[in-house]
Structures are given as structure tokens and as C-alpha cells.
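Student: Hi! I've got a model open and would like to walk through it with you. Shall we start with the strands?

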Amino acid sequence: MPTRADYRPPACDAGEVALWFDLDARETRVRAECSFRRNPAAAPGEPLVLHWRDMEIASLTVDGVAQAVGGRSGELAVVPRGETLTVSAEVVLDPAANTSLQGLYPAGAALVTHCEPEGFRRIIPFPDRPDVLVRMTATLAGSRADFPVLLSNGEREAEGAAPGGRHWVRWRDPVPKPCYLFALAAGPFETIEDRHVTRSGRTIALAAHVLNGPAERARFALDCLRSVMAWEERRLGREYDLDTYNIAVFSPLAFHAMENKGLNFFDESVGLVDPETATDLDRLGVEINVAHEYLHHWTGNRVPCRDWFELCLKEGLTTLRHQLYAEERHGPAMRLWPLRVFRTQQLPEDLGPSARPARPPEYAEPFNLYTPTAYIKSAEIFRMISELTGAEGFARGLNRFLDACDGRPARIEDALREIGAGAGVDLGGFLAWFETPGALAVAAEPLAEDVLGRPGMAVRRAGGAGDSRPLPLGRMDPDVEQVDAEVGEQTRIGGVPVLHGRSAELRWPADGRAAPMLFDGVSAPVILRERRGDAALAAAMTGGGDPCRRWDASQQLATRAIAAVLAGAAAEDAAHGLAGALGEVLARAADDPAMAAELIALPEPRALLEPLDFPDPEALHAAWSAVRGALGGMLDGALQRARAAVPAPPPDSHGPAAIGARALGNAALELWLAGGGAAAEAAARAQFAAAQSPNQEVAALRMLTRTHGGPDPALAETARRRWERRPALLRRWFEIQALRPAADTAETVRTLLRDPAFDAGDVAQARSLCSAFFVHNLRGFHDSGGGGYALLGEVLRDLDARNPVVAAWLLRSTDLGNWRRFAGPRGEAMRALLDGLAGACSAALADIVGRFLE
Ligand code: PHE
Ligand code: ZN
């Protein structure tokens, strides 16, 4: 098992690589000429290790000496004799037999590659590690009829015709990169073009290549690309480094998208916008994914990770950067999106026994490192740092880091050191955030007046004394004093008090002001347990402060109401205070509709499991529905007035204001519908029937299916018939059926999985259906009949046979990691499922099963 502590600098860290591909679906020949430079930092005698997987090696020579290799997978250690080391190889691949979605594989009529993290070893024998940077040239040859378009990284250097209806194109990428950023795409792509003029006046040719046209559907992606390029130029003064930027859109792809240098890949679901099918969320998905992959250009590609332990460095920084970009474009409510994902997806993982640090000390399967912890939690850690240093300090620090490590594989330590130096603060202590597993819970409670008559608050972190994560407590008046119980010293960074020890007292002058609000303006990724009364929470929610604190107050109030119903209270009583606050939010909804939409949405039932100490999921769902129902009833008039005050904009307007207005309209309609009144039901059905836009249709079907839970086969049939010829909408239809919160949904999903219109080979489709049911449908999946667990076992075995890393992703995303906390037969059934998988599955899936059983 790779261990971080065992890192050794590679024997060679740079080189030149020339590749020739003779493309064919059944028999692709690849020839490679590599010349590596000895790494002066390597230990004497350190070998360079070549890895290969699933290939036939026709020849392999090192420094001109033929090597004897047996087996389709293996490795060879060679010690450089001089300053350079040359490797030549010729191999034969069978892409059609490759279902792993790594290496060279078929995507529809195309042949494509995916190499992150260790897929390049499926292409040629190579030192497949991210700290070996090489300049690459790739010559692609194949039948012009089968592969009219031949794409790889960098600039198109030469091309030509060859006998027998064949042709070739040579691509050269002048900037050294790790091999996981290599890519090729060959096939009948349709192309559209655009260009971007940088701040310094360079023109960059942009093109989108779409496997299943019309390619115009990628126009929006190109618009997003130009926009994010300009944003990074404005924010950091950094430009893209080549003259050509290509994106290719096809399915399937292992994950949504991939940042290959100069040739980003997108799954159709996040690369194309078809006005006939695209919802507002689909557009946001394209915008965010295009931004994310572009922003990897600096955080990831020019500054790569030293090894895969550092994945959280490139993913955390890039995720934060795409979030900041989206917030600037769409407004502050966008901040709540990652926060919701953090609570619904990252915290359950971080609270369970399988919690891993963002930078783990070891791993069994590198693909299993791509978790909400690596992406979302790391982004939250970097965000906390950026809020401490301020936007300008952070930009200065980031630029300093990117200059210092350009072309030099980096670690978290490098980022903290350089960002800190650029911003003028010491961030070294924040390394603990990346190395400590598990969520940090913080308790706050009021203190009696001290001898000076000053009010106060005690802040205490839960858990071990060994937890040294520095905790910024938020922006507060300069005369709030922090008395650290153990450390003694009072640290402030940028004026923000930082807790280093286990607890601290805050004291402020007795002049009648309110207690400081913790984490105001600096949002730490913690679980805050504070003893603020309902009235204080309601005031925070309706005030105009930090969006995170407003939203958190709404979530806390809702959680309290649901807890009270679970404990036997009547829903109307339990939800009374929350209804009052929501009424105020609704009355002013027109000020910021997107924010109001977020505030009136209750936490997902799944996000409530831990805060409510793992109640019976059926009872939890019933309490959640009861509270929503009570709110819908009590707010009947307020919801209708808000809908009237913010009417749905024309379906063809897609700016932030239009998106926000539709979001509010739909959130209000859903809550109103939950109230159970006939008028609301009629309004939702009318919205579905009137079909002004796919966004409104999808939202109406989703709320009608989710909110009532009762089967409505007629509605499902109507929707299916209406969407039959629009595959992207049909996909939504599958997903919505899987979200129905009912006892028999497992049976529905079993039928859907065998539906002729469901393509199990389309990973994006499998992923959306599976995550709707197994991850987000708490009521259906955890039904006491056990049907959900049985189905999960079947699906995992089936997926695992074709695609182990996707099976591992699915299991990891479910609640099974917390099986010990589910009382009675549920916990036992989950355990039995894990026991049944153990020993009878792929290594990637076994890695997750093992962690869950630990
Ligand atoms: N690195 C890619 C991204 O975040 C996605 C990816 C996920 C790649 C998983 C490999 C494995 O943009
Ligand atoms: Zn990424």
C-alpha cells in the first residue's frame, strides 16, 4: 500500500516523450520514444520504475538494450547509468475490451483516453507518477472514415494523408506536464469554434468537439470558457499559456470532466446545453464544470501535485476557485450550494468510522481518493484561509505560490508557506486541517459576567487534546477579548481571533451589545453546537448579515422543529417559530429571490441523520414531511404572495436574476404543495402541463413526485411519453422516479434498471439514477422491508464486474459507512451486505468495504 512517508524523489523527473498511435478499436499499436533526464535530487542508485497494465508488449528497450518482459501487466525498475535514460516501447492495446474507463477506451464511435490518476500505464510502460514532468508529442494515425477528427494536447503541428484512406495529425504540447494530463480523442466529432483575446492581447483559438451533434449545443460551454479565462486574468493576472484550447464532449467519462492539458473532456451531461432539455441546474452544471477544468490550468496543471496524497491541493484550490467564480457571477446565494453539499455529503463521511484526512497517510486504490473530503472539505479549508487573509491577500499569496511552484510538483506545505508569505501571515498551523481525520465539533455557550461585569461566551472544541487545527472564530469587534484557556497567547490573524487550544473565553464590554456571532465572515468547516434561543436564530435568519450564518440559522431552526416532532410534539407547534421567520423572509423575497429560495428549503433528511443521532429513517422522513406540511399550511398566504411578487421570467432568459426568480418560485410552490391544499396541487400540475420550459416541467414533476410520495402512475406515464424523444429529459425522469419517498421505490428502481431506455453502460446515467435512490432517497433506501439494501447488493455486484471504481464510488457515497449507528435490524442488514461483498469483489470496492467494516 503506498504510504506518504515512503515518498522518494524519482530517479528521473523530466523528459521528452514522442508517441505514435495507430488507432483501431480492436488493435491499437502505440510506439513510444522517451528520453528522461536524471533527477539530481534522487538518491544514488534510485531506480526509475516503469509500470504497465493490460497490454501486449511487442518490444521494450532501455538505453538500447532489449528487456525481457512477460505478462500483460507489470513493472520494471531501471537505474539510470548517465545523465539521461532512454526508453523505447511498442505495445498493442485492445480498446474495445477495455471497460475500465481508464487508458484508451471506446466512447460511442470514438476512441478516447482517461489517465488520471494512473491510467497512463494502460497506454505505454511509463514512470506513471505526477512528479515526472515530460514534454510530449503525439502523432495520431487512423482511418479517415472512422476517425475524421484526431485530437491530442497542445498545438496541431502537422498533418497528412496516408495510403488506404488513412490520415494522421501530429500534436505538440510545449509545456512539460505529468503523464496523467495526456489525452487523445479520435472519432467523428463535430466542431464549433470561437476565440478569446487575452488581457495582453494574445488570441487563443477555442474549439469544442462534440461526438453526438449538433455541436452548437456546446456554444454555451465555449461562452463559459471565455468568461472564466477573463475572470482569472482579472483576478490573478494569469493567462492560458498556449495558442489553442480544445474541449471534447462525449460519454461515458469516469467522472464528469477532466482537465487534460489544452484538451479538456466533458461528459455530455455537463458539456452540452440543449434549449429543449436544459434546466437552470444543467446550465449551472456546465458553467461550473467548464470553470473548474479551466482553473486547473494553474492549480493542478502548471503546478501539479507531488504525489496522489496531495490530490486535495489541486482539487481543494480548484474547487474553491470555481466556487468564487460562480458566486461572483450569480450572487451570494451561490455560497450556500457548496455548504449544502458539505453537510449532506462530506460530513456523513467525516463523522463515520471511515473518515480519512483530506491528505491521508496511505491509500489502497488511488481512485478512491476522489471524495467529498478531497474536494469539498479541502475547498472549505482553503476558503477559511482566503477569508482570513482577505480577497486581495489571498490573490497575492496564491500568485506567489503559483510562481514559486510553476513546473515543480507541490505539497500542501508549499501552498501554505507561499500563500502565507504573500498575504503576510503564518499559515503553517493550518496543515493540521489537512492531516486530521473527522469533523470538528465546536460548542459555544454563554458565560456569567466576569469580575469586571463583562458578558462572555465559552467556546470549546469537542474531542481529543491532540487536535491542533487552528480555529478562526470569525470577524468581531476589536474590543472582544479572547482568553485562551490553555495556550495563553491570543492569536489574531487579520484581526480574527484564532483558537489553538481546546477552549477559550470571549469577553466584551458590558455596553448592551449582542454577543458576537461565531464564524461571521470566516466560515470554518465545523459542526457548531451553540445555545442560541429560537428567537435569536430567527433574528439571524432574517437579518442582512453573512449568508452562511443566515442559512445556518434556518437549518438549525428546522432541525429543532423536526427533532421536536420526533419527540412527540405536534408539527404546527414545533414549526411555529420557524414559520414566523420564514414568513418574514418571504415578505422580502423580492430583494434576493435566490437567497430566499435557499432559506425556505429544509435540510435534506439525510443531512439530519447525525444531528438527530440516527433516528429511525422512516420516522425521520415522517417528521420531516410533517414539518414541511405544517409550514406549507401556515405559510399558505405568504407563499402565494411571494410567488406573485416574483413572477417566473420568460423561459429564454438565463441570467442570474431569472435563475433566482425561478428558484424561488419553485421552492415556494414546493413548500405550498407540501401543505396539502388543492390550490397548490392544481398550480403544480398546471406548471407541469403548461410546459413553458424544461426547467419548469422538471421542477413540477420532481415536486409532485417527491412531495406526495404516493404513487401517481398516470403522471409518471404522461411525463415519460412527453419526454420520450428527449434523452436528457428521460434521464431526469428516471432520476425523479428513484427519488419518490416510498416503501416500494426499490422495486420501481429495479424495474427501471432493466428498462430498455435505461443505458447502464452510460456511467453518467447509472450514476444519477443510483445516487438519487441509494444516496438521496432516505425513505426509500432505508425501508424496513430491506428491499433497498438487497438492491444495493445486486447493483454493486453488477457494476463491480464492469467498472470497479464506479462501484466503489457508489458504496462510499451511501450511508453504509455509518451502519453501526443504525439501530436494530437495519444495522445488521447493512453489515450483512458488507460481509457478503468482502472477499468477493474488486480491490477498489474491497478497499471501501474494508474501511466500513474496520
Ligand atoms: N480531476 C478531475 C477533476 O476534478 C476529475 C477526476 C475524477 C479525475 C476522478 C480522475 C478521477 O476535474
Ligand atoms: Zn478537479
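Student: How many bridges join strand β4 to β7?
Tutor: There are 6 bridges between β4 (residues 56–62) and β7, and the two strands run antiparallel. Keep in mind that this is a predicted model.

Student: And which residue of β7 is the bridge partner of Glu-56?
Tutor: Glu-56 has Val-92 as its bridge partner in β7.

Student: What about β2, how many bridges join that strand to β7?
Tutor: β2 (residues 28–38) is joined to β7 by 10 bridges, again in an antiparallel arrangement. Within that pairing, Val-30 stands opposite Val-91 of β7.

Student: Which side chains of β7 point to the buried face?
Tutor: Leu-85, Val-87, Ala-89, Val-91 and Leu-93 point to one face and are buried.

Student: Changing topic: where does Cys-115 lie?
Tutor: Cys-115 is in the loop between β9 (110–114) and β10 (133–143).

Student: Is that cysteine, Cys-115, buried or exposed, and why?
Tutor: Cys-115 counts as buried because it has 24 C-beta neighbours inside 10 Å, and the cut-off for buried is 20 or more.

Student: Which residues does Cys-115 touch?
Tutor: Leaving out residues up to four places away in sequence, Cys-115 touches Phe-120, Cys-179, Tyr-180 and Phe-182. The C-alpha atoms of Cys-115 and Cys-179 are 7.6 Å apart, although 64 residues separate the two along the chain.

Student: Now the ligand. Which residues are around ligand 1?
Tutor: Around ligand 1 you'll find Glu-116, Ala-254, Phe-255, Ala-257, Met-258, Glu-259, His-292, Glu-293, Glu-315 and Tyr-370. This shell divides into 5 nonpolar, 1 polar and 4 charged residues. β18 (257–258) and α3 (280–295) each supply at least two residues of the shell.

Student: What does UniProt list for residues 220–427?
Tutor: An unreviewed UniProt entry lists them as "domain: Peptidase M1 membrane alanine aminopeptidase".

Student: Last one: which residues have the most contacts inside the largest nonpolar core?
Tutor: Those are Ala-221 and Val-627, in a core of 265 residues. Helix α6 (residues 372–404) gives the most to this core, with 13 residues. Beyond its neighbours within four places in sequence, Val-627 is in contact with several residues, including Ala-558, Ile-562, Val-565 and Leu-602.

Methods: Residues numbered from 1 in each chain as written. Chains lettered and ligands numbered in written order. Predicted model: local features only at pLDDT ≥ 70, side-chain atom pairs only at ≥ 80, totals over all residues. Core = buried A, V, L, I, M, F, W, Y, C linked by C-beta atoms within 7 Å. Buried ≥ 20, exposed ≤ 12 C-beta atoms within 10 Å, placed from the backbone. Helix = DSSP H or I, 4+ residues; strand = E, 2+ residues; numbered from the N terminus. Contact = placed C-beta atoms within 7 Å. UniProt positions renumbered as here; feature names shortened; annotations may be inferred. Near = placed C-beta within 6 Å. Nonpolar A, V, L, I, M, F, W, Y, C, P; charged D, E, K, R; others polar. Pairing = 2+ DSSP bridges.
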